[in-house]
Amino acid sequence: MTRQLRNTFALTLAILTLAAATAQRGDEILANLRKDDWKAAYALAQDVAKQPSAPARDKGLAAMAAIRAGDDKLAARLTDGGTKSAHGWQKLAHAAVVQLQNNVREAERLAKEALSEPEAVNDARAFLFGIYQSEGEFATAAPYGKAILEAEPKGYPFDELLPQLKGLVAVYPTIPQRPKVEPAEGMNVRIPLKQVRPYITVEAMANEKPLVLALDTGGSVHPSLSPTKAKELGIEALGTSAAFGFGGLETVEIGIIEKLQIGDVTIGKQPAAMIGMLDMLTKFMGIGGVLDTRWMLDYVSTVDFDRKTLTLSDVSVYKGKPGEVLTQTDGSKQIAVPFSLIGDAKIVLPVKLNDWETWALLDTGAPINMYSFEWMQETLKEEDYKIGPSLAGGVGTSAEKGKSIVSTKPLTLTVGGHKITIARPVGQDSLDKQVSHGLGFRMGALLGLELFKDAQQFTIDGPARMLYIVYKAPGASSVPTKAED
């Protein structure tokens, strides 16, 4: 064998060995994703990213692992733009990337194309179910959920998704498609808030009967009621589902609110989950349930803590650019933060925890902020933190399981260019094990009402996908805790 022939043979063997190894990594990534061992999957994804000639399937699976790890930038690099010639896994991962960019219809198109890939078909169905659910197109979502139930796929995320789908698939076909709302020019509807701490609550009418609901941006895409209040409203269970949050996966009943009205705004017929934990809020605080904020996204919605009002309008009065901090003449500061919708209309924000660029779930149903237990334990020195039992998570959640971590070192939280020093940050493993796990996207933080501790008001500009927060000038009066008579 000549030297040239030997060199050619050696090069060919090296290429074949590399291709085989890369293909094996793709299979390993999928196996780890099905176990939700996202750390192992993400480590393999980073290896695949270093191989420009890696097979398209493996790039797609690596991109899916990057999405699970909350690294949408790496995912975007691996999807090849989700082009027509891309692999089904690449298209599905790119659908998740563009969803974070609020391009819902492009995400829908890519996920539908991914349906043609047998290996990814149920993941694509789950993604489409979430998109239509988030948009209030419940009847459109139902067939995708039904197809998943019939296929009975195994592993993550299906082991926990299947029990959630059962009741929803039964109820969703009976719900009319949510009409597209175009706020009238000059609209300015002001709705009194019953209280603003520890929960933001509003008086509503359900089936022509009064009840108090907490505004919960971290809740489901439709209202949730305590079983006690649901019985008072005459709401019957039509099926069972599962609610996934800080307390873990809980079996719940699903019914229908025939008519829901908040102030002068009629939301219409809505599915409703009946969650046992919410009976505590009904018994001790008179809160009948939680109200999702998906309906608010049709408007420019402002919660004013001082005036205790929720205002729905057609145009935002704020013009700040993302990441820009504007100081007003009275010393107050306005920040502007772009947000995205993922899962069932969950609002997520780009933030920084010290130097870590990550994502945070906005959850007005939680009184305090919480941070990733895993991240805090990995980055802090052992002498700088203490581990204890879990804390209650948010509206109606318990703390029966899990752990918390409290740091003695301050944390710098950066939101929209505004830096906030958190003196004693608290992390919860349930943020990693339940919330991020349930969303399929790693969250570095959950931001509750603590984010607005020194705020005068905040505005969710639904059409523009912007969150504006106005923080009071130093020394200004504190936020009241009870509604005015």
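**Aromatic pairs and the rest**

Author: The structure holds 9 aromatic pairs. Rings of Phe, Tyr and Trp (its six-membered ring) pair if their centres lie within 6.5 Å; planes under 30 degrees apart count as stacked, over 60 as edge-to-face and the rest as tilted. This is a predicted model, where local features need pLDDT of at least 70, side-chain atom pairs count only at pLDDT 80 or more, and totals for chains, interfaces and linings use all residues. Residues are numbered from 1 along each chain as its sequence is written, and side-chain values use heavy atoms, with hydrogens and water left out.

Reader: Why is the pair Tyr132 and Tyr144 stacked?
Author: The ring centres of Tyr132 and Tyr144 are 5.8 Å apart and the planes meet at 25°, so the pair counts as stacked. Tyr132 is in helix H7 (residues 121-134) and Tyr144 in helix H8 (residues 138-151), 12 residues apart. Helices (H or I, at least four residues) and strands (E, at least two) are DSSP runs, numbered from the N terminus.

Reader: Is Tyr132 buried or exposed? And Tyr144?
Author: Tyr132 is buried, at 2% relative accessible area. Tyr144 is buried too, at 18%. Buried means under 20% relative accessible area, exposed over 50%, partly exposed in between (1.4 Å probe, protein chains only).

Reader: What about Phe305 and Phe458?
Author: They form a tilted pair, 5.9 Å centre to centre, with 50° between the planes. Phe305 lies in the loop between strand E11 (300-304) and strand E12 (309-313), and Phe458 in strand E25 (residues 455-461), so the pair ties together parts that are 153 residues apart in sequence. Phe305 is buried at 0% relative accessibility, and Phe458 at 3%.

Reader: What lies over the face of Phe305?
Author: Arg197 does, at 4.6 Å from the ring centre. The rule: NZ of Lys or CZ of Arg within 6 Å of the ring centre and within 35 degrees of the ring normal.

Reader: Which residues form an aromatic cluster?
Author: Phe129, Phe138 and Tyr172 form one.

Reader: Switching to strands. How many bridges join E13 to E14?
Author: 3 bridges join strand E13 (residues 325-327) to strand E14 (residues 333-338), and the two run antiparallel. Two strands pair if DSSP finds at least two bridges between them. Leu326 has Gln334 in E14 as its bridge partner. E13 and E14 form a hairpin with 5 residues between them, and Gly331 in the turn has a positive phi of about 90°.

Reader: And E14 to E26?
Author: 6 bridges join E14 to strand E26 (residues 466-471), again antiparallel. Ala336 has Tyr468 in E26 as its bridge partner.

Reader: Which residues are buried in H6?
Author: In helix H6 (residues 104-114), Ala107, Glu108, Leu110, Ala111 and Ala114 are. Their cover includes helix H5 (88-100) and H7.

Reader: Zoom out. How many helices and strands?
Author: The chain has 13 helices and 26 strands. Of its 485 residues, 55% count as buried.

Reader: Where does pLDDT stay under 50?
Author: Over residues 394-399 and over residues 478-485. The model has 27 contacts beyond four places in sequence for residues 394-399, and 22 for residues 478-485. Contact means heavy atoms within 4.5 Å. pLDDT is the predictor's confidence in each residue, from 0 to 100. Where it is low, the predicted coordinates should not be read in detail.

Reader: What's the chain average?
Author: A pLDDT of 88, with 89% of the residues scoring at least 70.
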